[in-house]
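Subject: Structure handover

Hello,

Please find the structure below. My notes on what was found in it follow directly after.

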Amino acid sequence: MIHKRVLFVSLAVVVFISASSFKTDFFEIAKQIEIFTTLFKELNMNYVDETNPAALMDTAIKNMLDDLDPYTKFLNEQDVESYRINNTGEYSGIGALVRSYEDRLVIIEPYKDYPADKAGLKAGDVLLSIGDIAIKDFKDDASELLKGANNTEVNVMYERQGKTYKATIEREAIEVDAVPYYKMVDEETGYIVLSRFNKKASSQTKSAMKDLKAQGAQKLILDLRGNPGGLLSEAINVTNLFIPKGTLVVTTKSKVKKFNQEYKTRNQPEDEEIPLVVLVDGRSASASEIVSGSLQDLDRAVIIGARSFGKGLVQRPLKLTYGTQLKVTISRYYTPSGRCIQSLDYWNRDEAGNAVRTTEFNDFTTRNGRKVQDGGGVMPDIEIQSLKSNELVSALVNNNVIFDFATNYYYAHTIPEIPKFSFTQNDFTAFKNFVSKSEFSFETKTEKVLKEALLNQGNDLLGPEVVEESKKLLGTIGKSKALALDTYQGEIQKQLEDEIVKRYFYREGLYDYYLANDAAIITANTLLKDGSKYESLLK
């Protein structure tokens, strides 16, 4: 009887503590909301100039979420529509990938036979105005002005190679395929590009598989390079095409119990025996990593390429008022071996406020006992050097140096057909000259540390000898950076070739070019022809 009373008291204490904790959290939330509401009201009533309450609130919310991870976002009505388009792959517009800047819009890639392409727009064209609205005077995302109802027209003014042009574009329904390309590599190997995980991903991948097998495919290459992810359900369905019904694909773990789930395949596979290679690179993320990571853990495919991005976080859109949503990170996901491939720790940041990259990895084993690791993306079984990235390559891409060179190259060269395209050493020398004449510069982590040390410590504290040696080291690093273009020519040239081929032959032409020239596809096809080597990599 005494034991029962002790147990009852213990349970009561636990319940009391839990209830107290909940009340404390609830009170703190209510307190902070009241403070913010009061501040917001007084600010808008008393500020010396007129304020825009909607803009202020939008900024406040987004700045608050910036302290978390980059995937937890507030979606206003416009953002919600963009999110819907990404998931469905359907919208009405001009059919081009457009990059938005403060004072201009740049056409990055017009899609073949869609309105922008029909109107004659090319990659590199700078949109100056849309209708009667000058881009530089438009405060919101001007790319939204390009969208509209089917069969409506939009007039644009754009700049190309220093000259100004006008065009009228008739909008139409745009369907963004999850599988933009598939083809036979040779008589027995099929190749499928899966570029995104929208609602069409698994059905289009399955359809491509069936068609390729009808053409004689006995082996398969699935290309997930550059695929940023998408719907978790579609990642599971795509994986299900290759593995048996009832197989665990991914587990999600969260502080909210209902988000702790195991996801298993629900359907019979399309083909669980066909030899399979999956291609990944540093831009393969999220759902792409679920597919490649689970197929690797289950020893169902050989992974070839470069280490993937490393996004092991799951988001879910939660509806708010007035048509807005909160896309919030609700859990981490784990592949069948139990590893989470998240590479950045957004909850433990460095002194500069940047997320800390994982440097210590834990070992896990696949179904056959092969060693795999967590914490840094999916590591391929076979690495392709030209697909690797580094600070220099990333800086050249992010600062549009490669894009701008490709634009100039397009207007200076004529390429009659894909087989005759070859990026020569003279072309690479021209690129190096282009870089030297541009405003491009980048700073390595070592340079930043040295400069901060010299600035923060002061010359008197370090002493003249240390200061002089540090300056010499910075000079040496500067010279090494100049030589780095040659050191990483393979990686840089890969980016240049991809961008240039797209200018002449669109995305489809780029994939045609890949079949004969891409190192990852050639390596994959060679491996698939060597059955014993393929099997040995999975054992």
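A search of the whole structure, which is a predicted model, finds 16 aromatic pairs. Rings of Phe, Tyr and Trp (its six-membered ring) pair if their centres lie within 6.5 Å; planes under 30 degrees apart count as stacked, over 60 as edge-to-face and the rest as tilted. The pair of F405 and F431 is edge-to-face, because the ring centres are 5.3 Å apart and the planes stand at 85°. Helices (H or I, at least four residues) and strands (E, at least two) are DSSP runs, numbered from the N terminus.

Buried means under 20% relative accessible area, exposed over 50%, and partly exposed in between (1.4 Å probe, protein chains only).

Y410 and Y504 make a tilted pair, because their ring centres are 4.9 Å apart and their planes are at 55°. Y410 lies in helix 9 and Y504 in helix 14, so this pair ties together parts that are 94 residues apart in sequence. Y504 is buried, with a relative accessible area of 15%. There is also an aromatic cluster, formed by F405, Y409, F423, F428, F431 and F434.

Before the rest, a note on how the values were made. Residues are numbered from 1 along each chain as its sequence is written, and side-chain values use heavy atoms, with hydrogens and water left out. As this is a predicted model, local features need pLDDT of at least 70 and side-chain atom pairs count only at pLDDT 80 or more, while totals for chains, interfaces and linings use all residues.

Next, the nonpolar cores. A nonpolar core is a set of buried Ala, Val, Leu, Ile, Met, Phe, Trp, Tyr and Cys residues joined through side-chain atoms within 4.5 Å. The largest one has 92 residues, and L396 and F431 touch the most other members. Helix 14 (residues 489–517) gives the largest share of this core, 11 residues. Which residues does F431 touch? Leaving aside residues up to four places away in sequence, F431 touches L396, V401, I402, F405, L485, I492 and L496. Contact here means heavy atoms within 4.5 Å. A second, separate core has 16 residues, including L105, I130, I135 and V154.

On a 1 Å grid over the protein atoms alone, a cavity is a set of points where a 1.4 Å probe fits but cannot get out, and a pocket is an open set with protein on both sides within 12 Å along at least five of seven lines; lining residues have an atom within 4 Å of a point. Grid points are joined across faces, edges and corners, and a volume is the space filled by probe spheres set on the points.

By this rule there is one cavity of 30 Å³ or more. The largest cavity has a volume of about 150 Å³. Its lining has 14 residues, of which P110, K122, A123, K502 and R503 lie nearest the centre. Strand 4 (105–110), helix 9 (401–412) and helix 14 are the elements that give two or more residues to this lining, and helix 14 gives the most, with five. The lining divides into six nonpolar, one polar and seven charged residues. Ala, Val, Leu, Ile, Met, Phe, Trp, Tyr, Cys and Pro count as nonpolar, Asp, Glu, Lys and Arg as charged, and the others, Gly among them, as polar.

The second largest pocket has a volume of about 360 Å³. It is lined by 18 residues, and G124, V126, F403, D404 and T407 lie nearest its centre. Helix 9 provides the largest share of this lining, five residues. The lining is made up of seven nonpolar, six polar and five charged residues.

Last, two backbone details. Most residues other than glycine have a negative phi. D299 has a positive phi of about 55° although it is not a glycine; D299 is found in the loop between helix 7 (287–297) and strand 16 (302–305), and is buried at 9% relative accessible area. Y322 also has a positive phi of about 55°. Y322 lies in the loop between strand 17 (313–319) and strand 18 (325–334) and is exposed, with a relative accessible area of 75%.

Regards
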